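User: I would like to go through some of the terms used for this model and the values behind them.

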Protein chains: 2
Amino acid sequence: MSPQSPLEGVLVPLLTPFGDDLRPDPVRFIALARHLMGQGLGLAPFGTTSEGNSLSVDEKIALLDALVEAGLDPARMMPGTGACALSDTVRLSAHAVRLGCGGVLMLPPFYYKTVCDEGLFRAFATAIEGIGDPRLRVYLYHFPRQSQIPLSLALIRRLVAAFPGIVVGAKDSSGEFANMEAMATGIPGFKVFAGTERLILPMMRAGGAGCISANANINGAAMLELWHRWREPEAEALQAELESFRSVMEGMPLIAALKAILARRLGDDGWRRVRPPLVELSTEVDAVVHRRLTEILE
Amino acid sequence: MSPQSPLEGVLVPLLTPFGDDLRPDPVRFIALARHLMGQGLGLAPFGTTSEGNSLSVDEKIALLDALVEAGLDPARMMPGTGACALSDTVRLSAHAVRLGCGGVLMLPPFYYKTVCDEGLFRAFATAIEGIGDPRLRVYLYHFPRQSQIPLSLALIRRLVAAFPGIVVGAKDSSGEFANMEAMATGIPGFKVFAGTERLILPMMRAGGAGCISANANINGAAMLELWHRWREPEAEALQAELESFRSVMEGMPLIAALKAILARRLGDDGWRRVRPPLVELSTEVDAVVHRRLTEILE
């Protein structure tokens, strides 16, 4: 990995552990982050998988501080900072930049559902100007199914043109490869991360930067191997292997299922906790996940 | 209005003014609030119309403090406090209760889109327990089109049963009268506010508490007149009159249009400002709104 691009590769939208009072637990959080970074993965805390929008800005700042104080490299971190309130987006993003984070992953404001591109442009532009730091690197977070706010290619081009060197990339969780390809090949220097490991190989062939996927919390090392070896003859087989793990998660409530797998792996049921409105896996569903996982590992 | 029920009647989801730096402007905010309360209206600040989710918790606390410090009666206020992060909901709600607010209007967490009733129950229950104040009065905010998170009747009944005297009512912005009627007639003592003035009369006939409507920022006095006189022969005519104003807003971006009308009325273009992702009215659309309004006033 070149020092010029510490954020390329596979980034993990880090699961967030909670204590029995449902407060974020920095001790478990640091331990998971250290383990994953030790495998060569970057971190994208406070994403959708991280229950990032279920945390207050103060909680996110405290967790990010904890990671950096634990000696983990902020240049390899891209925290999610986009909130409904611009003031929240600005405060968290500015803090991340001050800590030395390599970038921030920015959702658009997502409460109002029928907004025009001009309004979205102003939302990002006002946030960037409010942060007011030349070290800022913004990755736009396109996740229409969850946020209900698609980011059009025209909007993205306009933002890149208005903020060159600041708006530098995107995470695309639409699942639509044509859209990822259009960004990666059509916008010079733009760094595109596929939101699913299903598309690592096509993404890299299209000049993408890598992948940010929920499953990287559990299966990140295998994704990173493909990312390193995508030009080799084995790449197709490595891509196919990633499908086994994906099939375990099919039809499952993703965040609760990932936490359940981690809880079993670490022998720590505390990892099962989620913040409402999510609920942890039922005993029955947990057994299904465990059986599927055991089958693919045999 | 009986002193036992200071929150019945017509409540205004107060528009939020911004300075040219897009920070909330407490001076304009207090002036509008004072004017509307002087007409006998209650206040529901930080609702959808208020761009409430475009404000940070700190900004909402500062604005609420400003209203109370200005001598306005908090017992007649029902601020919107429901956020994606439970910690935000708890902090703002607890502050509102300490200030003496008559109730809080609570959206469910709205980032995760496919959540079960059990998860939503836990979200409200955890918030209520976290606030931990017997003076708390929660009004559930049902606005499926905007939040994408419908609150089922079964969920509402369960919350009322679990928190009697705390979960006391709802605002229903679904537009579906059958749902409002089912709550008002089927849950003893439950206070239901229609989210549109179109339904004040049927709502009151079904035993409802009143109305919380965006247009009350401009046309609240006429709504309140109907609320006071709903048993009189003139009620049908008063209800029909409210339609004139509603027709002005048809097809308009509601928040920007209301701010534009207020700006003209007060001769203060500063009122036109909205926070991104919203945009203010274009000159052309502003002219249409003004023409329509002039026509109905002639």
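User: At roughly what angle do the axes of helix α11 and helix α12 of chain B cross?

Analyst: In this predicted model, the axes of α11 (residues 254-266) and α12 (residues 283-297) of chain B cross at roughly 65 degrees and come within 10 Å.

User: Why is α11(B) called roughly perpendicular to α12(B)?

Analyst: Angles of 65 to 115 degrees count as roughly perpendicular. The crossing is at roughly 65 degrees, so α11(B) is roughly perpendicular to α12(B). The crossing is right-handed.

User: Which residues make the contact?

Analyst: On α11(B) they are A257(B), A260(B), I261(B) and R264(B), and on α12(B) they are D286(B), V289(B), H290(B) and L293(B). By class, 5 of the contact residues are nonpolar, 1 is polar and 2 are charged.

User: What makes I212(B) buried?

Analyst: A residue is buried if 20 or more other C-beta atoms lie within 10 Å of its own. I212(B) has 31 of them, and is therefore buried. I212(B) sits in strand β7 (residues 210-212) of chain B.

User: Which residues does I212(B) touch, not counting those up to four places away in sequence?

Analyst: I212(B) touches L11(B), P13(B), A44(B), K171(B), F193(B) and G195(B).

User: How many residues of chain B are in contact with chain A?

Analyst: 32 residues of chain B are in contact with 32 residues of chain A. On the chain B side, α4(B) gives the largest share, 6 residues. That side has 18 nonpolar, 8 polar and 6 charged residues.

Terms used
Residues are numbered from 1 along each chain as its sequence is written. Chains are lettered from A and ligands numbered from 1 in the order in which they are written. This is a predicted model: local features need pLDDT of at least 70, side-chain atom pairs count only at pLDDT 80 or more; totals for chains, interfaces and linings use all residues. Axes are lines fitted to C-alpha atoms, for helices over the stretch in contact, and angles run from 0 to 180 degrees between N-to-C directions. Helices (H or I, at least four residues) and strands (E, at least two) are DSSP runs, numbered from the N terminus. Angles under 35 degrees count as roughly parallel, over 145 as roughly antiparallel, 65 to 115 as roughly perpendicular and the rest as oblique. A crossing is left-handed if the near helix is turned anticlockwise from the far one by less than a right angle, and right-handed if clockwise. Two residues are in contact if their C-beta atoms, placed from the backbone, lie within 7 Å. Ala, Val, Leu, Ile, Met, Phe, Trp, Tyr, Cys and Pro count as nonpolar, Asp, Glu, Lys and Arg as charged, and the others, Gly among them, as polar. A residue is buried if 20 or more other C-beta atoms lie within 10 Å of its own, exposed if 12 or fewer, and partly exposed in between; C-beta atoms are placed from the backbone.
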